Number of protein chains: 2
Amino acid sequence: MDGPVLPLGPPRAERADAARNRVVLLAAARELLAEQGAGKVTMDGLAERASLGKGTVFRRFGTRAGIFLALLDEDERVFQERVLSGPPPLGPGAGPVERLVAYGRARCCFLVEHQEVARAALDGRAPVPAGDGTLSRMHVRTLLGQVNLAGADVDALALQLTAALEGPLLLYLSTEDAVAADDRIERFARSWQDLVERVCRA
Amino acid sequence: MDGPVLPLGPPRAERADAARNRVVLLAAARELLAEQGAGKVTMDGLAERASLGKGTVFRRFGTRAGIFLALLDEDERVFQERVLSGPPPLGPGAGPVERLVAYGRARCCFLVEHQEVARAALDGRAPVPAGDGTLSRMHVRTLLGQVNLAGADVDALALQLTAALEGPLLLYLSTEDAVAADDRIERFARSWQDLVERVCRA
DNA sequence: GACTTAAGCGGACTATACCCCGCTTCTCTC
DNA sequence: GAGAGAAGCGGGGTATAGTCCGCTTAAGTC
């Protein structure tokens, strides 16, 4: 009746076919994305491209936004690596303010590069506003904690700074003018640096 | 052939029936919103409630998000009034930092109160990310300009602060726990004050 | 007050996200 | 390697955003 008693540690490994399909789907999604842009990636189209059923696509990703979230997640992993164990000042080894500045710049580049996907990953009606940004928030939160900020609500501040960093790219700035992207990044990074240094100065 | 020569100043006033219908539609939208929540407001449902054709709804608002943008806009107007010509410190008459602090608190309340609508007004695939937030941005921009901030990029800073103010409520915080809303507002407002004062101190 | 014209209207039509549920395939156990 | 049970799959079904285009009607013109 009860083979392995309470085997609920890891609820169950993902089945091999499911894993295979996920890989196939993500690859297909990247193809479609590259070929036609995020707006043209449809669930049906993706299913067909991957030679799978539409139901499978939804089972994997839950929602359209989920696809882009998954894609973003993949890329995020690489980025996270650099942050957690890469060379300073982005990685550990530099002072917290310096790392915050570096993080902002790097994150900003990352978001500009992945802006299309990041935007598409936002799901208007998602009950939980997407775990997106959570990683940023935690990292900012950690670094802020290492700065001596008398009387500040570090959690709230981290939330606000994260929003200051990511919000503009996710909400306010048009995707259109990719032309001046480099200028924008530079300006943005500088402004972030200014903001962080103002907030953190004794 | 050319009756009034180039009468293109005001392109043409809105036709009476159109104006009437807009009012009807907005009222119907508020009813549906109150009765069933933003998620349940559909274009068809709205059209039916207003006893109008669906085409009319789209002609008026262009997009689903447009409805909520219009609703938000109405409320925004009242809010804006208080900011532009109400009593200080929110209105004119106080110092810029003081006004920024007051603005943050007021805006935060406003957004919490209208969070459902504000979120629904975000349109994932909008080419222009919604003029939303623009008003906030301009006001913050103006006040920041009145503070003496040596060497700061005031425009960029305004964008970031606006995002710090609005982003969390639009992107990161769940709508769910309306229970602790008051606490959240208070905490948020305090943190905003802290942020602004840190940024603006000499 | 009839005439003209363009704005407005309506609702059938299309595209697409998302649901559902019977069937298939994997995986684990003996 | 056979059996049992769960996980996964597929694709038809539904709901809804958004388009289109011929008809209606408001608002000036003579």
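**Exercises on a predicted protein–DNA model**

The surface near DNA strand C is made up of six nonpolar, eight polar and 11 charged residues, where Ala, Val, Leu, Ile, Met, Phe, Trp, Tyr, Cys and Pro count as nonpolar, Asp, Glu, Lys and Arg as charged, and the others, Gly among them, as polar. This is a predicted model, in which local features need pLDDT of at least 70 and side-chain atom pairs count only at pLDDT 80 or more, while totals for chains, interfaces and linings use all residues. Residues are numbered from 1 along each chain as its sequence is written, and chains are lettered from A and ligands numbered from 1 in the order in which they are written.

**Exercise 1.** Determine which residues are closest to DNA strand C, and which helix gives the largest share of the surface near it.

*Solution.* Near means that a C-beta atom, placed from the backbone, lies within 6 Å of the strand. The largest share, four residues, comes from H3(B), helices being DSSP runs of H or I with at least four residues, numbered from the N terminus.

**Exercise 2.** Work out which element of chain B gives the most residues to the side that touches chain A.

*Solution.* The contact (C-beta atoms, placed from the backbone, within 7 Å) takes 33 residues from chain B and 32 residues from chain A. On the side of chain B, helices H6 (115-121), H8 (154-172) and H9 (181-200) each give two or more residues, and H8(B) gives the most, with 12 residues.

Definitions and conventions:
Two residues are in contact if their C-beta atoms, placed from the backbone, lie within 7 Å.
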